[in-house]
Amino acid sequence: MTALSNFDTYLKTKFKVSETPLIIENAISYIANGTQPDETSNIKYIAIDNWIKQILGFWAIELIEEDLGNAKFHGKLVPKRNGFNLFLNSSLFPTQRRFALAHELGHLVSFDTTFEWPKYVVKHSWNEELFCNQVARGILLPKIIFDTLNINLQNVDSINYTLFAQIWKEYLVSPLQIIRRLYDLYINKNVSTIIWKHSKDDNCLRIFDYCKNNNYFIPLRKRKILNDLIQQEGTNNLPQIAFNSNGFIKDYDLVSFGSFYKKRMMTYAFPIHTIMDTYIVQTIFDSDENGVFDDSK
Ligand SMILES: [Zn+2]
C-alpha cells in the first residue's frame with residue numbers, strides 16, 4: 001500500500017463527500033463512532049469532556065501527560081499494538097489542553113486500524129494539521145449549537161452577539177475558535193472577520209487574528225495597532241468605539257485591507273470579555289447597498 005500524497009483527496013474518498021463542512025462532520029462522526037455528547041447535561045463543556053473520554057476508550061487510546069518542555073509542542077498521537085498513546089504537554093492552559101486533545105483525535109482518520117499495529121496511511125502535510133484543527137473545533141463546539149441558536153457571521157446582531165460570550169463560557173473554547181468554527185461550518189465567502197485584542201501593556205487594540213475573504217489582504221498580522229490604522233488610513237475606528245462603549249456597533253465604515261482596497265463596507269463590532277482579556281470581534285462584508293468607495297473624492 002502506498003501513502004496517498006493528497007490529503008484532501010484521501011478525505012473525500014474516505015468520507016464520500018466533497019464539501020468541507022460535510023467532510024468535517026463525517027470525520028467527527030467516524031472518530032466518535034456515531035456517538036454524541038450528552039445534550040441534557042447542564043454543564044456543556046463537561047458533557048464534551050465526557051464524550052472525549054468515551055472516544056479515547058473506543059480507540060483504546062492511553063492519555064499520557066508529560067512536561068514536554070517546549071511549549072510549542074502540544075501533543076502527539078502515536079500508534080501502539082491495538083491502540084494508541086496520546087501524549088499531551090502538561091504545561092498547557094485548560095483551553096489549550098482541550099483543543100490539543102481534540103486535535104490529536106483528528107489524526108485518527110489518517111490511520112488504518114484494521115492492522116494490529118495501526119498504520120499511518122497518508123503522507124503528513126500541513127493540510128492534515130489544518131484539518132485536525134477543524135475537527136478539534138467540531139468536537140469542542142458541536143454543530144447543533146449553531147443550528148439551534150441560528151447564529152452565523154452574516155446575521156450577527158445586537159441581540160445575538162452576546163451568544164458568543166455565552167458559548168465561550170459554556171464550552172470553554174476561545175472566541176477565536178468559535179469564529180473559526182463558523183467559517184468551517186458555513187461558507188462565508190464574502191465575510192471577513194478581524195479579532196482585535198486589547199493590549200494592556202500599551203492600552204491599544206492590535207490585530208490578534210483574522211479569517212478573511214480570499215480577495216482581501218489584511219496587513220501586518222499581530223503587529224498592526226488600531227491607532228496606527230486610524231491615524232494613517234482614517235479607517236477602522238469601529239473596533240475602538242466598540243471597545244469604549246462596551247457594546248454592539250453596526251455601521252458602514254471605510255475599511256482598508258492592505259494598500260489595494262479602500263471601500264465603504266458594512267461592519268459590525270462587538271467586545272468579548274474573557275477572564276484574562278478583552279477581544280473585539282469585527283465582521284466586515286460587502287452589502288448590496290454600497291459600491292466601491294472612491295477615495296479620490
Ligand atoms: Zn497535529
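Helix H5 (residues 126-140) comprises 15 residues and spans 21 Å from its first C-alpha to its last, close to the 21 Å expected at 1.5 Å a residue (1.5 Å times one less than the number of residues). Helices (H or I, at least four residues) and strands (E, at least two) are DSSP runs numbered from the N terminus. The model is predicted: local features need pLDDT of at least 70 and side-chain atom pairs count only at pLDDT 80 or more, while totals for chains, interfaces and linings use all residues. Residues are numbered from 1 along each chain as its sequence is written.

Buried residues of H5 include Phe 131, Val 135 and Leu 140 (buried: 20 or more other C-beta atoms within 10 Å of the residue's own, with C-beta atoms placed from the backbone). The largest nonpolar core has 63 residues, a core being a set of buried Ala, Val, Leu, Ile, Met, Phe, Trp, Tyr and Cys residues joined through C-beta atoms within 7 Å. Ala 102, Val 135, Leu 140 and Val 281 touch the most other members. H5 gives the most to this core, with 6 residues.

Three strands form an open sheet in the order S1-S3-S2, with mixed pairing (two strands pair if DSSP finds at least two bridges between them). Strands S1 (61-66) and S2 (75-80) are the edge strands, each pairing on one side only. S1 and strand S3 (residues 83-89) pair in the parallel sense over 6 bridges; Asn 85 in S3 is the bridge partner of Glu 62.

Note on methods. Buried ≥ 20, exposed ≤ 12 C-beta atoms within 10 Å, placed from the backbone.
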